[in-house]
Every structure is written in structure tokens, then in C-alpha cells.
Amino acid sequence: MSTGKRIRLGACAVVALAASMLASSTTPAAAVGYYSGLPYVTGGGTFTDDFGDEGILQVGGPEGSRGSNAICLWQRILWAHGYLAETEIDGIFGLKTQDATKKLQRWFGLTADGSVGKGTWGAVDSWSGAGLRYVSGSEADGQNLYLQYQGPYSGYHLPLTRDQYGHYLFIDRKGNVRAAGYDYNSCS
């Protein structure tokens with residue numbers, strides 16, 4: 001084989017390898033529904049920007065019919081806005097959760113697509129009408145931080161803890177503390 005053919009063959013192999021690496025590096029975030037890549041709703045430092053890099057929650061998402069505690073946390077936020085009843089909080093992103101999400105998106109002035117992505121999670125972070133409120137603790141790494149998500153209506157608030165690992169914990173409707181994980185559903 002001539003040197004020219006070897007160089008062209010090598011160049012083709014490099015181009016093919018680079019194309020496959022680019023293709024594989026752009027799909028995992030969308031395929032698994034995570035922006036941060038972490039298995040929990042997680043934050044660190046200033047709490048007012050914790051949610052803007054969370055995973056995509058939607059009908060037909062990667063959690064499937066088993067749902068997740070991350071969805072349960074989202075449903076608790078929808079409850080705090082008065083868009084879901086407590087009895088509808090099950091950790092499964094079905095049509096009722098999608099419709100409630102659209103209502104909240106319209107309320108925030110967002111495009112109402114019913115999918116919870118960076119824009120919708122980020123609106124929860126930056127909402128100045130109430131939203132996340134400091135209760136106690138520290139924003140320092142390795143410390144617990146106690147917050148409250150205050151809905152727009154009196155009495156609709158959700159206690160939250162960001163634990164020493166940065167994982168968000170919430171209380172389900174039966175009073176159990178749950179970690180907001182993406183890969184399991186133990187909320188009730």
C-alpha cells in the first residue's frame with residue numbers, strides 16, 4: 001500500500017472516530033434526562049441557583065412507569081402552587097402532572113410545553129414572588145441547609161433540606177423524609 005493511501009485511510013479513520021465520539025458525547029444528557037449527571041436533585045453554595053441544572057422530567061421520560069422521587073419533589077412544588085392535590089403526588093409524571101406543569105409554566109411566563117427542563121427548574125430557583133426561602137443552616141460544603149419552598153398561597157409550603165452531600169430531601173404526604181433521586185420511587 002502506498003504512503004498516500006495509508007495517510008488517506010488513517011485520515012478517514014480519525015474522522016470516523018471523531019464523528020462517533022461527537023455523536024456519543026451529545027446524546028447521553030438527553031437520553032438519561034440529566035443535566036448535572038448526578039443521581040439526585042443536588043445543589044451547592046448559594047441555594048438560589050440549585051435547580052437550574054436538574055434533569056428533564058416529562059411524560060415518557062427515562063423513569064418510565066416506575067417514576068422517581070425527583071418527580072415526586074416536582075409534584076410537591078406543583079402542590080405548593082395549588083396545581084396538584086396531595087393525593088395526586090405519586091412520583092409518576094403522567095398527564096395530570098404534565099397539565100399542572102403547563103399551568104405553572106404559564107404562571108411563570110414560560111412556554112407551556114409540559115416538560116420540566118432547565119428553564120422550568122430555573123424559574124423555581126429565581127422566582128421572586130415566594131419560592132425558596134432560607135430557614136436555617138449553612139450554604140457551606142458539608143453542611144445541612146434547611147429551606148422552605150413557599151407557594152403563592154398561604155399555607156402551601158414545602159420544607160426542604162439540602163444535606164451535607166448537597167442532595168435535596170423533602171417530606172412526602174405521609175410525613176416521611178425522602179431523597180429526591182432520579183432512579184427510584186419511594187414517595188407516597
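Predicted model: local features only at pLDDT ≥ 70, side-chain atom pairs only at ≥ 80, totals over all residues.
Residues are numbered from 1 along each chain as its sequence is written, and side-chain values use heavy atoms, with hydrogens and water left out.

Five strands, β1 to β5, form an open sheet in the order β1-β2-β3-β4-β5, with antiparallel pairing. Helices (H or I, at least four residues) and strands (E, at least two) are DSSP runs numbered from the N terminus, and two strands pair if DSSP finds at least two bridges between them. The edge strands, β1 (131–137) and β5 (177–179), each pair on one side only. From one strand to the next the twist averages 30°, the axes being lines fitted to C-alpha atoms and angles running from 0 to 180 degrees between N-to-C directions. β1 and β2 are joined by 6 bridges, and Gly 137 has Leu 145 as its bridge partner in β2. Strand β2 (residues 145–150) also pairs with β3 (residues 157–162) over 6 bridges; in β3, Thr 161 is the partner of Tyr 146 and Pro 159 that of Gln 148.

Helix α3 (residues 69–80) has 12 residues and spans 16 Å from its first C-alpha to its last, close to the expected 16 Å; the expected span is 1.5 Å times one less than the number of residues. Because 12 of the 12 residues of α3 are buried, the helix is largely enclosed by the rest of the structure. Here buried means under 20% relative accessible area, exposed over 50%, and partly exposed in between (1.4 Å probe, protein chains only). The buried residues of α3 pack against α4 (95–108), α5 (118–126), β2, β3, β4 (168–171) and β5, contact being defined as heavy atoms within 4.5 Å. At the start of α3, a side-chain oxygen of Ser 68 reaches to within 3.3 Å of the backbone nitrogen of Ala 70. The helix is followed by Gly 82, which has a positive phi near 85°.

The structure holds 4 salt bridges, each a side-chain nitrogen of Lys or Arg within 4 Å of a carboxyl oxygen of Asp or Glu. In one of them, the closest N and O atoms of Asp 50 and Arg 162 are 2.8 Å apart. Asp 50 lies in the loop between α2 (28–32) and α3, and Arg 162 in strand β3, so the pair ties together parts 112 residues apart in sequence. Both residues, Asp 50 and Arg 162, are buried. Asp 172 and Arg 178 form another salt bridge, at 3.1 Å, and both are likewise buried. In the salt bridge between Glu 88 and Lys 96 (3.3 Å, N to O), Glu 88 is partly exposed at 25% relative accessibility, and Lys 96 is exposed at 57%.

Note on methods:
Polar contact = N/O pair within 3.5 Å; in protein donor to acceptor, adjacent residues only side chain to side chain.
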